[in-house]
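Please have the sequence and the 3D view at hand.

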Amino acid sequence: MPDRVPRWLEWTIFLLLLGGASGLLADLGRGTTFFYDEWNFVLHARRSIWSVVLLPHNGHPSMVPTLLYRALFVTVGLRAYWPYRLLAVGLLAATSVLVFVALRTRVGFVLAGVGALAVPLAGRAWEDLLWPFQMSFVLSMLGGLAALVLLERDRRSADALAALAALVGLASSGLGLAWAAAVAVDLLWSGRWRRLWVVALPSIPMALWYLRDDAHLAKLVFLRAAPAFFVHTAVGDVANLIDIPRAAARLAVVAGSLAAFAALLRGGRGVGRLAAALAGLATFWTLTLVARGPGVLDPSRYLLPDLVFLVLGLGELAVLATLVPSRARPVVSGAAALASAAAFAYGIVGSLPALQDGARSLRAISRIDEAALGAVQMTAGALPPGFRPEPHLMPQVLTGPYLAVAERLGSPALAPAAIAEVPALATVASSVFQVVLADAARPWRSPHARRWRCEQERFGAGLDLALAPGQPLGLRAGGGALALWLEPVGSIPTGVPGLVLPAHGGLLLPRGADWGPAPTDATLGRWAVRWTLWGRGVDPRAGTGLACRPSP
């Protein structure tokens with residue numbers, strides 16, 4: 001499409017829209033904290049950077065993400081998560097800018113802008129957009145795109161920077177291999193084979209890194225499923241990106257494949273970017289198939305890399321306009337560009353609910369993790385070092401290593417008061433308290449309480465005690481922690497003199513806190529006091545606890 005507005009105005013419009021998209025991502029990420037794989041980076045903070053920087057993560061190289069996380073650990077610690085989110089959003093914005101630069105001279109402002117904005121707004125790829133850990137994929141995309149853009153300049157300095165960008169992509173995740181293949185094909189297809197060193201040079205150390213372990217060779221048997229896997233993945237990508245049924249997506253994949261084939265035949269060396277995008281897609285899908293097997297890919301993690309390759313190759317399809325009469329070419333090209341932009345825009349709007357759902361999911365998981373860690377902080381030193389406070393959502397977190405890191409870098413855990421205000425979070429904390437091993441539970445005399453005798457007894461979720469009217473209760477959480485729940489039995493007045501409870505009836509006392517109310521109202525009736533106070537030497541697997549009763 002011919003330019004209709006000045007270049008500066010195009011950039012102004014695009015950057016304003018990109019700023020809005022980035023602001024949306026930053027807002028949706030509020031209330032989240034370190035999630036799943038990120039805990040590997042957190043726990044590795046106890047070790048020297050040189051002992052972990054070369055370690056693989058799920059088979060991927062993670063040198064650059066490891067260095068970035070370590071830099072943030074040193075500068076901002078673990079208490080604040082927003083710097084990690086800000087870095088991730090910034091990397092996504094930079095990727096979007098490079099997509100716009102790569103497309104602008106080929107397809108015009110409208111399609112280039114919509115295609116570039118699809119990167120931070122592809123809602124079904126919400127993990128890549130909202131989870132900072134996925135900066136590994138984003139860095140690989142960013143490095144590959146930067147190499148392609150820099151290689152358009154015929155300068156040695158640009159080639160050197162392109163080689164550095166390729167190295168960053170290769171050292172960030174396995175996706176970097178796909179981008180290295182894309183850059184190599186782009187150079188070969190366009191006859192610039194003398195500049196292949198830009199990819200070959202950084203590939204040498206990474207090849208040595210990959211060859212250190214040949215376990216992946218046993219998975220090459222999955223390659224026989226490649227054709228079906230490729231078709232299934234392509235159909236899923238189109239269905240998710242454009243928000244259309246799979247039946248329509250199959251037709252779109254067939255039409256797009258025929259158009260790409262025709263463009264490759266018609267365009268000659270002028271469609272190197274299309275060949276590069278197809279090579280990158282094929283390499284990425286092959287690597288994913290070998291690593292994960294021929295299953296269904298999760299769009300929230302694998303859709304964004306496919307999107308960038310597809311958008312990158314779309315611009316080269318303009319060569320098909322040469323198949324129509326010259327007079328009709330401007331109209332046909334403009335209509336095709338607008339139709340493509342409309343399809344992407346429709347997909348962006350349709351995927352926004354998925355982005356919001358993903359944000360809600362991450363926030364809910366974060367609250368559970370923070371509550372579990374809050375219970376760990378409250379019972380510091382009373383839990384066994386190998387205990388997992390949340391085995392499903394952060395299985396790699398053990399109390400011993402976590403507390404060692406938190407002592408140096410701070411903790412993202414919730415405060416006791418914040419946990420006690422939400423029944424679900426208090427339940428999470430109570431599940432941690434049930435395995436606390438502390439010897440702090442002992443009789444205690446308060447001004448309003450009689451002496452209690454504590455014994456170990458087997459019980460389930462808690463011990464039910466009946467308090468007669470006017471009977472005081474005095475407990476102390478010493479070296480351990482106390483989770484106390486008061487539940488009324490029958491029809492009785494609400495509230496107890498001298499005691500303020502959250503709405504759900506739970507009282508969460510941190511380590512060292514005292515509580516000794518003296519309910520004296522004769523009309524109080526009977527209360528069922530279900531409480532648990534755990535001590536050292538209590539075997540959680542046997543379901544035992546310390547039951548305290550007033551001494552006779």
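E10 counts as buried at 2% relative accessibility, where buried means under 20% relative accessible area, exposed over 50%, and partly exposed in between (1.4 Å probe, protein chains only). This is a predicted model, in which local features need pLDDT of at least 70, side-chain atom pairs count only at pLDDT 80 or more, and totals for chains, interfaces and linings use all residues. Residues are numbered from 1 along each chain as its sequence is written, and side-chain values use heavy atoms, leaving out hydrogens and water.

**Salt bridges across the chain**
- E10 pairs with R104 in a salt bridge, with the closest N and O atoms 2.6 Å apart; the term means a side-chain nitrogen of Lys or Arg within 4 Å of a carboxyl oxygen of Asp or Glu.
- R104 in helix α5 and E10 in helix α1 are 94 residues apart; helices (H or I, at least four residues) are DSSP runs, numbered from the N terminus.
- R104 is buried too, at 6% relative accessibility.
- E127 and R301 also meet in a salt bridge (3.1 Å, N to O).
- Because E127 lies in helix α7 and R301 in helix α15, this pair ties together parts 174 residues apart in sequence.
- E127 is buried at 8% relative accessible area, while R301 is partly exposed at 22%.

- R192 forms a salt bridge with D186, the closest N and O atoms being 2.7 Å apart.
- D186 is buried at 4% relative accessible area, and R192 is partly exposed at 24%.
- Salt bridges with shared partners join E152, D186, R192 and R273 into one network.
- The structure holds 11 salt bridges.

Notes
Helix = DSSP H or I, 4+ residues; strand = E, 2+ residues; numbered from the N terminus.
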